[in-house]
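Reader: Before we look together, could you show me how to read strands, pockets and burial in a model such as this one?

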Amino acid sequence: MSSYMLAQLQLKYGFANLARYEAAMVTIRELFESQGISLVAGTVTQVGPLYEAFNLWEIEDQGHLERALGAMTLSDPRALEAMGELDATVEHEQTRFLGSLAFAGSPNTA
């Protein structure tokens with residue numbers, strides 16, 4: 001069964017902040033993928049609270065994110081710049097660790 005991390009982020013209001021967030025997440029995705037964390041979906045609300053983003057990441061287990069962050073060097077200027085952009089554009093973040101349910105697996109084709 002797979003494990004996931006869901007990040008729910010409330011971005012600061014405005015199209016400019018959304019564009020800055022999206023640009024920073026390109027780098028974050030590359031850094032996470034280099035550590036074996038896969039982005040399943042990145043979304044933003046169309047109806048409801050404006051500028052609310054959700055990112056669903058596939059992870060090995062609950063410790064995977066901590067291991068990945070520890071392995072990523074904060075001396076990497078790309079990482080520092082992306083983290084700075086997230087700090088400037090994200091108002092609030094909540095994360096949840098999720099496990100898949102048995103019925104959500106691939107159908108048996110036998």
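**Reading the sheet and its pockets**

Author: Strands (E, at least two residues) and helices (H or I, at least four residues) are DSSP runs, numbered from the N terminus. This is a predicted model, in which local features need pLDDT of at least 70 and side-chain atom pairs count only at pLDDT 80 or more, while totals for chains, interfaces and linings use all residues. Residues are numbered from 1 along each chain as its sequence is written, and side-chain values use heavy atoms, with hydrogens and water left out.

Reader: How many bridges join β2 to β3, and in which direction do these strands run?

Author: As a general idea, two strands pair if DSSP finds at least two bridges between them. In this structure, β2 and β3 run antiparallel and are joined by 6 bridges. On β1, the count of bridges to β3 is 8, again with antiparallel strands, and S3 has I59 in β3 as its bridge partner.

Reader: What is the order of the strands in the open sheet?

Author: The open sheet has 4 strands in the order β2-β3-β1-β4, with antiparallel pairing. β2 and β4 are the edge strands, each of them pairing on one side only. On average, and with direction ignored, neighbouring strands of this sheet are turned by 15° against each other. Here axes are lines fitted to C-alpha atoms, for helices over the stretch in contact, and angles run from 0 to 180 degrees between N-to-C directions. α3 packs on the sheet, where it touches β1 and β4, and the direction of α3 makes about 110° with that of β4. Contact means heavy atoms within 4.5 Å.

Reader: How do the elements run along the protein chain, from the N terminus on?

Author: The protein chain has 3 helices and 4 strands, and from the N terminus on they run β-α-β-β-α-α-β. Taken along the principal axes, the C-alpha atoms fill a box of roughly 50 × 40 × 20 Å. Of the contacts with a separation of 6 or more, 77% are accounted for by residues 24 or more positions apart.

Reader: Is Y51 buried or exposed?

Author: The general idea is a set of cut-offs: buried means under 20% relative accessible area, exposed means over 50%, and partly exposed lies in between (1.4 Å probe, protein chains only). Y51 counts as buried because its relative accessibility is 9%. Y51 is found in the loop between β2 and β3, and has a positive phi of about 60° although it is not a glycine. By contrast, Q62, in the loop between β3 and α2, counts as exposed because its relative accessibility is 60%. Q10 lies in strand β1 and is partly exposed, with a relative accessible area of 25%. Leaving out residues up to four places away in sequence, Q10 touches P49, L50, Y51, E52, V90, E91 and H92. Over the 110 residues of the protein chain, buried residues make up 32%.

Reader: What is the volume of the largest pocket, and which residues are the closest to its centre?

Author: Rolling a probe the size of a water molecule over the atoms shows where empty space is left. On a 1 Å grid over the protein atoms alone, a pocket is an open set of points where a 1.4 Å probe fits, with protein on both sides within 12 Å along at least five of seven lines, and lining residues have an atom within 4 Å of a point. A volume is the space filled by probe spheres set on the points, which are joined across faces, edges and corners. The largest pocket has a volume of about 340 Å³. Of the 17 residues that line the largest pocket, L9, I28, F32, L86 and E93 are the closest to its centre. α1 gives the most to this lining, with 4 residues.

Reader: Which element gives the most to the lining of the second largest pocket?

Author: Again α1 gives the most, here with 6 residues.
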